[in-house]
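Reader: I would like to learn how to read a structure. Please take one and go through its features with me.

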Amino acid sequence: MSDLALELVDVTKRFGSFAAVNALSFALPRGRILGYLGPNGAGKTTSIRMMLGILKPDEGAVRILGGEATGQRGRIGYLPEERGLYKRMRADESIAYIASLKGVPRRDALAKARAFLDRYGLGKFARTRIEGLSKGMAQKVQLISAIVHDPEFIILDEPFSGLDPVNQSEVEQTIRELTQSGMTILFSTHTMQHAERLADQLIVISRGRKLFDGDLNAARGLLPRRARIGADADLSFLKQSPQVTAIAQDGENWTLDLKEGADGRDLLAQIFERRVPLTHFDVAPPSLHDVFVSLIERDRAAA
Amino acid sequence: MNRILIIARHEFIKFVTRRGFLFTLVGVPLWIALAAIVPAKLSSAQNRQAIFAVVDRSGAFTPALSRAVDRRNAREPERFVLADTPPALLRAAPEKFAAIARNYLGNGKEDAKFDAIVVIPKDFDAAHPAEFWSSRNEDALRDFVQTALTSALRLRAVHRLGDPRAAAALDVEAAVRPRNPSAGLPSAIKGIASVSVAVGMAILLLIVAIMNSMALLQGVIEEKSTRMIEVLLSCATPWEIVTGKILGVIAVALFTIVIWVGSAAILGSVFAGSMAAGMIHGALDALSDPVLTSLVILYFLCGLLIYGAIFLIIGSMSASLADAQAYLGPSMMIIMLPNLFIAAILNAPNGALATAASYFPVYTPYIMLMRVGSHPPAIELVTTALLSVGVAAFLVWKAGQTFARHALTTEKPPRMGSLFSRFRKSATAE
């Protein structure tokens, strides 16, 4: 059995002359969570469709759970970006329908659907039509549809989209529970905090090409640490510090990019030396949001 | 195979649990029953009894009219009634006649005493016409009076020529009784039942195929708009989805027909008694012919597959119902085209037009259902059966291909022209 849940090798998909995915390669080991990031139109949905076997790559190969996606349908769970549910179906039947298509006998599928709905606090809505559920409830029903057949690999396309913070936390918790039971998860999102909190591995793509593949620390290492200082005074003298590569001011808030290895203590010493009163001082690694924006801006500038 | 059946089952339940389907299930037979009953009722209302009076100023033609009424009533009892003429009408001066006649004729209302008043002038002949007074459309009575008075004038002319015996001999009416040498024979009943069953299935095919295929089209568009299609495609191949959907439609169509035919048979035996029982017995007898039954089932299923595949192709290519409308109009016109020739085909089911129309691929099952009860040549049955199966298989395969190609697209569908050229190219390539 392959240790890789997913492997893309030089995968290209064109629509006419437009390359939606361009020589994309990466691998995801089993049991891990992959945050799949990219701006709108980056090729995330197209590549996910190739992973699911819905689209065939023009070039390259996609291997999922050691084989072709079309032969692994029952071992994969999928949550699409928008609500992929029949509005007039009842919640339990909707889940059972997908589970039965994935190979679960109908009676078992219905029993499992009701058990999952109970587990996720929707037991009393089991016989409610999808059109009668709130967006958060419907998203949970859809998530249950993706996992009810005990897949080994789950693909979640924008699982947090349109959910309030409470429901987002619940979905996050569900994803963590699923990986604890040994499932491999790939999720795409535009909210970097979710990726920061959940992902073992991050892939950033833009214009169909891979820009980054690594963990959160490696991503943060792409940008220098930053000092954020609050002061009602001119701190431009810090520009001369050998630890500083760039300085920016926004009112009383100053942001300084630090050189690799700099920890900011020398900056603090210089400020005290000049007796400048501070409202705050913070040295922290860059956020994933900053890294993502930087990667995409650089890619667009290079285009 | 299992996934195909799961999808078919899902489609079946989805369609039959819709409120619209239940309305159609009840509404269509009701509509057909009304379409049959209302014209019959209207026709019987038009054939009601017509009462008329005669103002015979010549004093010579009333007996002739009376005899004509008696003869007519011997064939169709009390259709026309010659009433006694009120003295007021007899005495009325010509300039006041209209006003007095109106009192008896009313304004076409049901409470009028007479439906018509016939005024025969003193010098009645071809040059001096009689008058037919009526406030409503009484064409049948007027024709009857005209014929009776014409005969009376001719008799009088013969009489004047000096031969009263010839005149008396001429005052007769010929009778023609319709006879059918096969009437009542079992083979004749079976023949009529065979044609009726097949034609009935053709009409049912068109109704259920269009009704359910429209629902299929809407379902595909809904799945595209909610992205349910992506979930389905992650579970099954496009071919499995298309086949499952079409099988679901066929199941709905057969269910619909079983309900309609079953309820018609039950209601017929309860309300129409022995006549309906005879018809049902005749239909069952006709269906005991294995060749006829097999062909009816084959053409019917091929027809459903063909229409289902056409609508599925339209649904796959459309991002919305508005897009689908652009294809639906021309498609419906093409599908409905054979209806222009129904009368000609039924009049001559094995004539040149019917034979030629049977070989237009999309129409083959429909036309052949119309003809199969009239015993077309065996070679035509074989070739059209093969053609139907071939066209159905091709269109289902094409539907799968179109579904796979367009199911995930939400852009505007291709133009009609480019669609035809694409279709032609792929057909040529294959």
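**A helix on a sheet**

Author: Start with helix α5 (residues 165–180) of chain A, which lies across β3, β6 and β7 of chain A and runs at about 155° to β7(A). This is a predicted model, in which local features need pLDDT of at least 70, side-chain atom pairs count only at pLDDT 80 or more, and totals for chains, interfaces and linings use all residues. Residues are numbered from 1 along each chain as its sequence is written, while chains are lettered from A and ligands numbered from 1 in the order in which they are written.

Reader: How are helices, strands and angles defined?

Author: Helices (H or I, at least four residues) and strands (E, at least two) are DSSP runs, numbered from the N terminus. Axes are lines fitted to C-alpha atoms, for helices over the stretch in contact, and angles run from 0 to 180 degrees between N-to-C directions. Two residues are in contact if their C-beta atoms, placed from the backbone, lie within 7 Å.

Reader: What is the order of the strands in the open sheet of six strands in chain A?

Author: Two strands pair if DSSP finds at least two bridges between them. In chain A the order is β5-β6-β7-β3-β8-β9, with mixed pairing. β5 (76–79) and β9 (209–214) of chain A each have a single partner strand, so one side of each is left without a neighbour in the sheet. From one strand to the next, the twist averages 15°. Helix α4 (residues 135–147) of chain A also packs on this sheet, where it touches β5 and β6 (153–157) of chain A, and its direction makes about 165° with that of β5(A).

Reader: How many bridges join β3 to β7 in chain A?

Author: Four bridges join β3 (residues 33–37) to β7 (residues 184–188) of chain A, and the two strands run parallel. One residue to look up is I33(A), whose bridge partner in β7(A) is I185(A).

Reader: Which way do β1 and β2 of chain A run, parallel or antiparallel?

Author: Strands β1 (residues 4–15) and β2 (residues 18–29) of chain A run antiparallel, joined by eight bridges. L6(A) has L28(A) as its bridge partner in β2(A). The two strands form a hairpin with two residues between them, and G16(A) in the turn has a positive phi of about 70°.

Reader: What percentage of the residues in chain A are buried?

Author: A residue is buried if 20 or more other C-beta atoms lie within 10 Å of its own, exposed if 12 or fewer, and partly exposed in between; the C-beta atoms are placed from the backbone. Of the 303 residues in chain A, 41% are buried. Chain A has nine helices and 13 strands.

Reader: How many residues of chain B are in contact with chain A?

Author: 13 residues of chain B are in contact with 17 residues of chain A. On the chain B side, α9(B) gives the most, with four residues.

Reader: How do the axes of α12 and α17 of chain B cross?

Author: Angles under 35 degrees count as roughly parallel, over 145 as roughly antiparallel, 65 to 115 as roughly perpendicular and the rest as oblique. The axes of α12 (residues 290–317) and α17 (residues 378–406) of chain B come within 8 Å and cross at roughly 25°. α12(B) and α17(B) are therefore roughly parallel to each other.
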